[in-house]
Amino acid sequence: MEFVLYEVSAETKVGTITINRPKALNALNSAVLDDLSEAFDLAEKDAAEDKVRCLILTGAGEKSFVAGADIGEMSTLTKEQGEAFGKKGNDLFLRIESFPIPVIAAVNGFALGGGNEISMSCDIRICSENAVFGQPETGLGITPGFGGTQRLARLVGPGMAKQMVYSARNIKADEAYRIGLVNAVYPLEELIPAAQKLAATIASQAPIAVRASKEAINRGISLPIDQAVAVEEKLFGSCFESEDQKEGMANFLRKKDDPKKVKHVAFQNK
Ligand code: CAA
């Protein structure tokens, strides 16, 4: 892959996907989208083999996570080509959103347009103090095209999403934190260690339960509450067929009987 790096820690079962086109501030052209798709293919295989249980998505360099879709590539598109380019991004971002294991966006600088949009397709966003978020598309004569009109409104509410999209005004890390777009803000040098710590914590929980929790939240969020809790019931019930449920609960009960003999549970993904 020319524009994307993929590495795995065998120790923590955390995979890291790095968008690596720093000369263009990691802007997403078709080649970057294709490489990302390939990296997620590799991660999906590793997740199926239980080599990876949580992913981190970040950008190369200290200035930019992703500065948007590639404006040069978009500048000459026709209506049909524009729609197809939007679909290419949307297909990939839908895949990230419903990826079997959690994906943490570690936003290390500009997250504009398609950059904010790819971060919003991840399960969790954390960022560095120099991060800048925005949907500048209306200033370019287009709407957000990789899900920004939809996911931003769902994440921060329609009022704030409309203000950001209509005004094309960027916001800094502290405001992104205040409106709930990111979960935490770190000094730049602490961002990746913080993402790795969070990812390793997630990777140490029962994998079947983590995956089922992701599925329950994602499927339930767009359903009426009575149907949403029914989705949860099925997934909750399915966990009781796993060995990890038996081991996880037995460990708790052992600890209760004898607090000095705390046994760490190494979940088997079974
Ligand atoms: N597309 C293509 N190239 C980009 C780019 C983008 N989105 N963002 C930055 N670059 C390139 C610049 O053209 C420049 O390349 P050259 O060195 O070859 O000239 C290089 O990255 C460095 O950028 P700047 O010199 O502009 O750096 P800066 O520090 O002065 O400014 C910035 C940084 C404020 C992020 C500025 O680059 C910028 O405004 N970029 C565009 C941001 C944007 O509008 N993104 C939304 C795109 S539309 C979209 O994403 C649609 C969608 O929803 C699918």
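Let's start at Ile71, which sits in helix α2; helices here are DSSP runs of H or I of at least four residues, strands are E runs of at least two, and both are numbered from the N terminus. Ile71 is partly exposed, because its relative accessible area is 47%. For that scale, buried means under 20% relative accessible area, exposed means over 50%, and partly exposed is in between, with a 1.4 Å probe and protein chains only.

Before going on, a word on what we are looking at. This is a predicted model, where local features need pLDDT of at least 70, side-chain atom pairs count only at pLDDT 80 or more, and totals for chains, interfaces and linings use all residues. Residues are numbered from 1 along each chain as its sequence is written, and side-chain values use heavy atoms, with hydrogens and water left out.

How confident is the predictor? The mean pLDDT of the chain is 96, and 98% of the residues score at least 70; pLDDT is the predictor's confidence in each residue, from 0 to 100.

Together with Leu140 and Ile142, Ile71 makes a nonpolar surface patch of about 260 Å². Patches are built from residues with over 30% relative accessible area and no salt bridge, joining like charges within 9 Å and nonpolar side chains (Val, Leu, Ile, Met, Phe, Trp, Tyr) within 5 Å. The areas come from the Shrake-Rupley method with a 1.4 Å probe, and for residues only the protein chains shown count as cover.

There is a charged patch too: Glu62, Glu129, Glu189 and Glu190 gather on the surface as a patch of negative charge. Lys and Arg count as positive and Asp and Glu as negative, leaving out His and the chain ends, and the place of a charge is NZ of Lys, CZ of Arg, CG of Asp or CD of Glu. You'll find Glu62 in the loop between β3 (54–59) and β4 (64–66), and Glu62 counts as exposed because its relative accessibility is 64%.

Now, how many salt bridges are there in the whole structure? The search finds 15, each being a side-chain nitrogen of Lys or Arg within 4 Å of a carboxyl oxygen of Asp or Glu. One of them joins Asp70 to Arg21, with the closest N and O atoms 2.8 Å apart. That pair links distant parts of the chain, 49 residues apart: Asp70 is in the loop between β4 and α2 (71–74), and Arg21 in the loop between β2 (14–19) and α1 (30–48). Both Asp70 and Arg21 are buried.

Asp50 counts as buried at 13% relative accessibility, and Arg53 does at 10%.

Then there is a pair within helix α7 (residues 173–178): Glu175 and Arg178, 3 residues apart, about one turn of the helix. Their closest N and O atoms are 3.4 Å apart. Glu175 is buried, at 17%, whereas Arg178 is exposed, at 60%.

Last, some backbone. Most residues other than glycine have a negative phi. Ala168, though not a glycine, has a positive phi of about 60°, and lies in the loop between α6 (158–167) and β9 (171–172). Asn269, in the segment after α11, also has a positive phi, near 60°.
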